[in-house]
Amino acid sequence: MAQPKIYPSNDSSPASDFGLSPTEFTTLRTSATQAKALAYCPYSRFRVGATFLTSSSDFIEGANVENASYPVGTCAERVALAKAVVEGHTEGFRAVGVSTDISPPASPCGMCRQFMREFVPLECPIFMFDKDGNYVVLKLEQLLPMSFGPDQLPQPGEAGAQGAGL
Ligand SMILES: [Zn+2]
């Protein structure tokens, strides 16, 4: 895949393509950027902030939370999304913002892409901000092509893929 375009921080035009107002876009970036300050990352010292814009236009933030047992640590995206889910936001997310202290922008890890796939629409934009607020934006379906999601599984109570006999 070709390297995605990096938009300068003062260009909010891509946000309008995804139905975000300039104010919503600015708030998303400010929120994700400020959320980095919440990170607990004494081991990697790699701060990540994430914000989910919900269908009711709430901005829900999270940051990475590490652990002395390294694999137990949780990324900012999953912290923020789990927070949103337990607050009742399980569908219709309008945008995601992720912010780090590096440039070019970092993208969500594979585990977070799959975690988002459960709740976030495939066409939802993921804005990835660098240390200066410049950004790349891609839809979830571009970050996670041919994804496996809840629509591939039978609904509760339906027959499974092997039929009704099990
Ligand atoms: Zn992750």
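Predicted model: local features only at pLDDT ≥ 70, side-chain atom pairs only at ≥ 80, totals over all residues.
Local features need pLDDT of at least 70, side-chain atom pairs count only at pLDDT 80 or more, and totals for chains, interfaces and linings use all residues. Residues are numbered from 1 along each chain as its sequence is written.

E77 sits in helix α3, residues 76-86. Helices (H or I, at least four residues) and strands (E, at least two) are DSSP runs, numbered from the N terminus. E77 counts as buried because it has 28 C-beta neighbours inside 10 Å. The cut-off for buried is 20 or more other C-beta atoms within 10 Å, and for exposed 12 or fewer, with partly exposed in between; C-beta atoms are placed from the backbone. Leaving out residues up to four places away in sequence, E77 touches A50, V98, P108, C112, F115 and M116. Contact means C-beta atoms, placed from the backbone, within 7 Å.

Now the core. The largest nonpolar core has 35 residues. Such a core is a set of buried Ala, Val, Leu, Ile, Met, Phe, Trp, Tyr and Cys residues joined through C-beta atoms within 7 Å. A50 and V98 are among the residues that touch the most other members. Helix α3 gives the most to this core, five residues.

Last, α2. Its buried residues are F25, L28, R29, S31, A32 and A35. On the other side of α2, P22 and T23 are exposed.

Conventions: Contact = placed C-beta atoms within 7 Å.
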